[in-house]
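Please keep the model open as you read through the points.

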Amino acid sequence: MSDWPFANPVLTASGCGGGGRDLAAYGDLSTLGGFVTASVTLEPRDGGPGPRIVETPSGLVNAVGLQNPGVTAFVGEDLPALLALGATVVVSIAGRSLGEYAELARSLGRTEGVAALEVNLSAPDPAGAGLVDAHEPFQAASIVAACRRDLRGGVALLAKLRSDAGRMVETARAVAEAGADALVVGNALPAAMPDGRPGGLSGPAIRPQALRCVAEVVCALPETDVIGCGGIMGADDVRAYLTAGARAVQVGTALFHDPTTAFRLVAELGPSAGEDDT
Ligand SMILES: Cc1cc2nc3c(=O)[nH]c(=O)nc-3n(C[C@H](O)[C@H](O)[C@H](O)COP(=O)(O)O)c2cc1C
């Protein structure tokens, strides 16, 4: 695989750090292990109608609908801004077909400054978002294999999985064999907005569930790097994921409560947290 691109184990989670410029008002992006963009699609997407985010007693439900400027505008505007801020950039990608994923990997893989691609295989409402179905392990693996084929060396390939999938470990094994350098476990869980629209539940409510999935995947695939994601609010939560065997973590919902969270966690944990066995 390509070298591990993250200098420390604290990354932001996709869709939770805006375009990076807003977050940069609260800390130095270059101090983070990585900045993961919102999922980028081939064409621009307006996203869903409002309200898009509601608070629950233990997290958020969002129905953002993968709003993004499309890959051309992302490469022309958002990526240079992130690089100028010193971020280690992970570009999340989402496609309506296998061909779209491959095209995104091809074009972003050739783009200077992209440290890693994160293949979003885990949207809480893939049909509603119009994404290709990655529900079955072979479907997820086909997408990863298509991206792997078209990615230049030096760009790490991350596969982001759903922690609620019935065949989580099987899917993890399939995408690792298809060429993923690391697995991100997991995404927001399927939920509903108060008006009944499909959404994704994130935040502390999902942490124990995601943590269990991380532990199961690490146990089944000890040679594969896992990045834990779900409900991290403080340093003890990061330690729990690292103790479960994750090599790094991603912080999402916490940034909406306190945009300094990821910066604070880096300072609290120190740059070598999670790297003592490598
Ligand atoms: C407002 C919002 C937007 C999100 N957008 C994306 C996205 O574009 N792509 C993606 O893979 N995950 C997206 N997510 C999921 C997060 O990256 C993360 O996997 C999930 O929220 C669980 O982590 P958390 O509990 O720390 O938030 C989004 C989450 C939220 C709350």
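1. A salt bridge here is a side-chain nitrogen of Lys or Arg within 4 Å of a carboxyl oxygen of Asp or Glu. Aspartate 150 and arginine 106 make such a pair, with 3.1 Å between their closest N and O atoms. Aspartate 150 sits in the loop between α5 (137-149) and β7 (156-161), while arginine 106 belongs to helix α3 (residues 98-109), so the pair ties together parts that are 44 residues apart in sequence. Helices (H or I, at least four residues) and strands (E, at least two) are DSSP runs, numbered from the N terminus.

2. A word on the source: this is a predicted model, in which local features need pLDDT of at least 70 and side-chain atom pairs count only at pLDDT 80 or more, whereas totals for chains, interfaces and linings use all residues. Residues are numbered from 1 along each chain as its sequence is written, and side-chain values use heavy atoms, leaving out hydrogens and water.

3. How accessible is the first pair? Buried means under 20% relative accessible area, exposed over 50%, and partly exposed in between (1.4 Å probe, protein chains only). Aspartate 150, at 23%, is therefore partly exposed, and arginine 106, at 31%, is partly exposed too.

4. The structure holds 14 salt bridges. Another of them joins arginine 21 to aspartate 78, with the closest N and O atoms 3.8 Å apart. This pair links distant parts of the chain, 57 residues apart: arginine 21 is in helix α1 (residues 21-24) and aspartate 78 in helix α2 (residues 71-84). Aspartate 78 is buried, at 18% relative accessible area.

5. Next, look at arginine 148 and aspartate 181, a salt bridge whose closest N and O atoms are 3.2 Å apart. Arginine 148 lies in helix α5 and aspartate 181 in the loop between α6 (168-177) and β8 (182-185), 33 residues apart. Arginine 148 is partly exposed at 25%, whereas aspartate 181 is buried at 9%. Elsewhere, salt bridges that share partners join Glu136, Arg167 and Glu170 into one network.

6. Finally, the helix packing. The axes of α2 and α3 (lines fitted to C-alpha atoms over the stretch in contact, with angles from 0 to 180 degrees between N-to-C directions) are 11 Å apart, at an angle of about 20°. That makes the two helices, α2 and α3, roughly parallel (angles under 35 degrees). Contact (heavy atoms within 4.5 Å) is made by Val71, Phe74 and Val75 of α2 and Leu104, Ser107 and Leu108 of α3.

Conventions:
Parallel < 35°, antiparallel > 145°, perpendicular 65-115°, else oblique.
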